[in-house]
Amino acid sequence: MMGSKLSAKVAAKDFQVPLVPGTEEAITDIEAARQIAIEIGFPILIKASAGGGGKGMRIVESADQFEEQMQLAVSEAINAFGDGSVFIEKFVTGPRHIEIQVLGDQHGNYVYLFERECSVQRRHQKVIEEAPSSVLTPELRKEMGEAAIRVCKACQYSNAGTVEFLVDDQRNFYFLEMNTRLQVEHPVTEMITGVDLVREQINIARGEKLSFAQDDIPLIGHAMELRVYAEDPMNNFLPDIGQLKQYKKPEGPGVRVDDGFEEGMTIPIYYDPMIAKLVTYGKDR
């Protein structure tokens, strides 16, 4: 249900979760879609329903660009996902990308483990993530956490997962999508809560009940994660390959490195350009 962004929006709407203005089903008729875009108001975003990693996503500034961008988004979606379904959303200006970490067990118990801010991105891919966000008030944090739990209830979710939201410059928030898995940036949440999310996943899969309630989860200190990429800054930061000639792993209190490479190894062409995650923790931002 949450694998498709469109079906996720339908499910979330039924549970009173705020949505970005846009279409609720896949678009096939370009002229009808253009009219919808005009009603929503430009700029708009065309997004692939099956998408991820920024593929099949196009910003359209005006009606005369619409048809060309629509065709590009559809062909990119077919090439990347084998599914050309796209939909339209209002493009939120000055947005913050805030996601809520959730856990749900097989007995209907849910908790949220606060938020991560992932606003620093390139090509719609996250580069820096931190927890907690510097823009959320305690009230907004609680409101978004409770909305994330309603999304979990909409699909009777059990596992670790992430509910993603956009927050605009007026601090209104809108549901984007749900990632039904553990995410790259989960260590920052582990740092500020002291909860081992992988251990919790395993316990949930074994049919155990969550061992703590919402009020038991602390929020202490501040954590940041920097994704370390093998990219060429002289070539528009495109992924790069070759031998990792020198690599000294950072160490020390409050420093965690998750990596897949050692000095002397070769970075191949087959995967994402991320080679390591540098996670740091301190008493404040």
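# Reading burial and charge pairs

Me: Where does Asp168 lie?

Reply: Asp168 lies in the loop between β7 (159-167) and β8 (173-179), where helices (H or I, at least four residues) and strands (E, at least two) are DSSP runs numbered from the N terminus. This is a predicted model, in which local features need pLDDT of at least 70 and side-chain atom pairs count only at pLDDT 80 or more, while totals for chains, interfaces and linings use all residues. Residues are numbered from 1 along each chain as its sequence is written, and side-chain values use heavy atoms, with hydrogens and water left out.

Me: Is Asp168 buried or exposed?

Reply: Buried means under 20% relative accessible area, exposed means over 50%, and partly exposed is in between, with a 1.4 Å probe and protein chains only. Asp168 has a relative accessible area of 11%, so Asp168 is buried.

Me: Which residues is Asp168 in contact with, leaving aside its neighbours within four places in sequence?

Reply: Contact means heavy atoms within 4.5 Å, and with those neighbours set aside Asp168 is in contact with Val92, Gly94 and Tyr174. The C-alpha atoms of Asp168 and Arg96 are 6.4 Å apart in space, although the two residues are 72 residues apart in sequence. The side chain of Asp168 also reaches the backbone nitrogen of Gln170, at 2.8 Å.

Me: How many salt bridges does the structure hold?

Reply: Side chains of opposite charge can pair when their charged atoms come close. A salt bridge is a side-chain nitrogen of Lys or Arg within 4 Å of a carboxyl oxygen of Asp or Glu, and the structure holds 22 salt bridges. In one of them, Glu231 pairs with Arg122, and the closest N and O atoms are 2.1 Å apart. Because Glu231 lies in strand β10 (residues 231-232) and Arg122 in strand β5 (residues 110-122), this pair ties together parts that are 109 residues apart in sequence.

Me: Which side chain meets that of Arg123 in a salt bridge?

Reply: The side chain of Glu231 meets that of Arg123 in a salt bridge, at 3.8 Å from N to O. This pair links distant parts of the chain, with Glu231 in strand β10 and Arg123 in the loop between β5 and β6 (125-131), 108 residues apart. As for accessibility, Glu231 is buried at 16% relative accessible area, whereas Arg122 counts as partly exposed at 27% and Arg123 is partly exposed at 40%.

Me: Why are Glu146 and Lys142 separated by about one helical turn?

Reply: The two residues are four residues apart in helix α4 (residues 138-154), and therefore about one helical turn separates them. Glu146 forms a salt bridge with Lys142, the closest N and O atoms being 2.8 Å apart. Glu146 is partly exposed, with a relative accessible area of 35%, and Lys142 counts as partly exposed at 46% relative accessibility. Elsewhere, salt bridges that share partners join Glu99, Arg116, Lys126, Glu129, Glu164, Glu185 and Arg227 into one network.

Me: Which residues form a nonpolar patch on the surface?

Reply: Patches are made of residues with over 30% relative accessible area and no salt bridge, like charges being joined within 9 Å and nonpolar side chains (Val, Leu, Ile, Met, Phe, Trp, Tyr) within 5 Å. Here Ile241, Ile269, Tyr270 and Tyr271 form a nonpolar patch with about 570 Å² of accessible area together, computed by the Shrake-Rupley method with a 1.4 Å probe, and for residues only the protein chains shown count as cover. Ile241 is placed in the loop between β11 (238-239) and β12 (242-243), and Ile241 is exposed at 51% relative accessible area.

Terms used:
Polar contact = N/O pair within 3.5 Å; in protein donor to acceptor, adjacent residues only side chain to side chain.
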